[in-house]
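I opened a notebook for this structure. These entries record what I looked up, in the order of looking.

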Amino acid sequence: MFASFKSLALAAVAAGTLAGSSLAQQKVVIDGSSTVYPVTEAVAEEFGKEKKGQVQVTVGISGTGGGFKKFVRGEIDISDASRPILQKEMDEAKKNGIEFIELPVAFDALTVVVNKENSWVDQLTVAELKTMWGPDSEGKIMKWNQVNPAWPDTALKLYGPGPDSGTFDYFTEAVNGKSKASRKDFTPSEDDNVIVQGVSQDKGALGYFGLAYYEENKDKLKAVKIVNKDGKAIFPAVEAAKTGEYNPLARPIFIYVNKKSLETKPQVKEFVEFYLKHGAELSAEVGYVPLPDKGYTMAAERVKKMDTGTVFAGKESVGLTIEQLFTMELVK
Amino acid sequence: MFCGKIAVSAMVVGVSVMLLGGCSTDRTKMNEINKKIAISEAYPDGAPKMIEVKHGGKWYVVGSEKSAVEVKAGKPLKSFVKSIGAGPAGETVVFEQDKLMMADLLMEQFEAKYPKK
């Protein structure tokens, strides 16, 4: 009860300070997914150069869930998300009179990494990942040879995104069959750089995050191929995510824009338009898979028409291909 | 102890609502009161005070001496908010974040020190 009072008070303060100052000082306030962060950061930096410092773009990393908590209370203009908005978040938004526009901005190949010195693993099946990460493995599967007897008697140290992360939600849904279903005895962090550090310093470690973080740290880590539904071991890469071969760990990433911010803050509209115009080149630059041109055209059309809602109807979606993403209808 | 805090906080909020119900100036005052309560609840030992650090060509604003030392040593901040164009000449500034409201408070202090014209 104390916690809920405190969070309400904090929310009131944040809403007061951010909303008030955003209007007065030409601000764009963004928070959410650490996976989407590198793209949004790159866009914000380019936008900043173009605007010559006249618009302040603030980008936080509180995880997809953390970002949505702020977004549905109207505290931020844009929410970075590595999974679609969920029903409970939509309900909360509706209660607070928040309408949103869902914009896919790129595809990611969620990447499983091990230590550079790990010589025994080059590929993993989804079943092996489930043995490592399943809720039933907590306190039981503690060594590599318990996952596969051919592997050494080395302590298995797991690193992953925390429960506020969309990457955690997606991974647990794809691997364990239920969003947020995971063993809890691993080292969680909303900051993927902490996972990079942890895995790079421990020979028996394994972790996962968005492809961009692997691309940036490939000198320190080893990425593992994932065996797809056709039985082929596929390396996490842009092309494999684009063709749909890298399944089930390829997924779309999004920004959600507050409709009222688009209508009342010209700088937000300008920023979103800039995002969609340069999204392809900048998402590729940071290591993600750009959408085909029609994806950005469709997104720009949604912004122009102020087309609110989601194509996911408040549910998680695993194994979606880029083509499938564009055949889905918006649900208000 | 928490229940006592809630009761006191609720009374303060309630009284402020009764005294200030109505116009926007009053609402602003009420927000200020609520904000002070929230800050004291979040940081019982005092709200973080901003410390500026320039390191590796970047401008950091952190909330403790410990973080300042770590940033100077090249250690990345565990959690942060990056604000492009926040500096007086449109520079990028990285604000330390925690699980509460540190980045918001540091940004406020920063904006007070470097008001935008």
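Before pairing, a term: two strands pair if DSSP finds at least two bridges between them. Helices (H or I, at least four residues) and strands (E, at least two) are DSSP runs, numbered from the N terminus.

Conventions next. Residues are numbered from 1 along each chain as its sequence is written, while chains are lettered from A and ligands numbered from 1 in the order in which they are written. The model is predicted, so I note that local features need pLDDT of at least 70, that side-chain atom pairs count only at pLDDT 80 or more, and that totals for chains, interfaces and linings use all residues.

**Entry: confidence**

I looked up pLDDT, which is the predictor's confidence in each residue, from 0 to 100. Chain A has a mean of 90, with 92% of its residues at 70 or more. Residues 1–6 of chain A fall below 50, and beyond near neighbours in sequence this stretch has eight contacts in the model. I count two residues as in contact if their C-beta atoms, placed from the backbone, lie within 7 Å. Residues 15–24 of chain A also stay under 50, and the model has 18 contacts for them beyond four places in sequence.

**Entry: strand β2 of chain A**

How many residues of β2(A) are buried? I take a residue as buried if 20 or more other C-beta atoms lie within 10 Å of its own, exposed if 12 or fewer, and partly exposed in between, with C-beta atoms placed from the backbone. For β2(A), residues 56–60, the result is five of five. A:Gln56, A:Thr58 and A:Gly60 point one way, and A:Val57 and A:Val59 the other way.

I then went through the partners of this strand. β1(A), residues 27–32, pairs with β2(A) in the parallel sense over four bridges. Opposite A:Thr58 I found A:Val29.

**Entry: a three-strand sheet**

In chain A an open sheet has the order β6-β11-β12, with mixed pairing. Its edge strands are β6 (123–124) and β12 (233–234), each pairing on one side only. β11(A), residues 225–227, is antiparallel to β12(A) over two bridges, and A:Val227 has A:Ala233 as its bridge partner.

**Entry: backbone exceptions**

Most residues other than glycine have a negative phi, and most peptide bonds are trans. The bond from A:Asn247 to A:Pro248 is cis, with omega near 10°. A:Pro248 sits in the loop between α9 (238–243) and β13 (250–258) of chain A.

A:Lys52 is not a glycine, yet its phi is positive, about 50°. It lies in the loop between α2 and β2 of chain A. Why does A:Lys52 count as exposed? Because it has 10 C-beta neighbours inside 10 Å.
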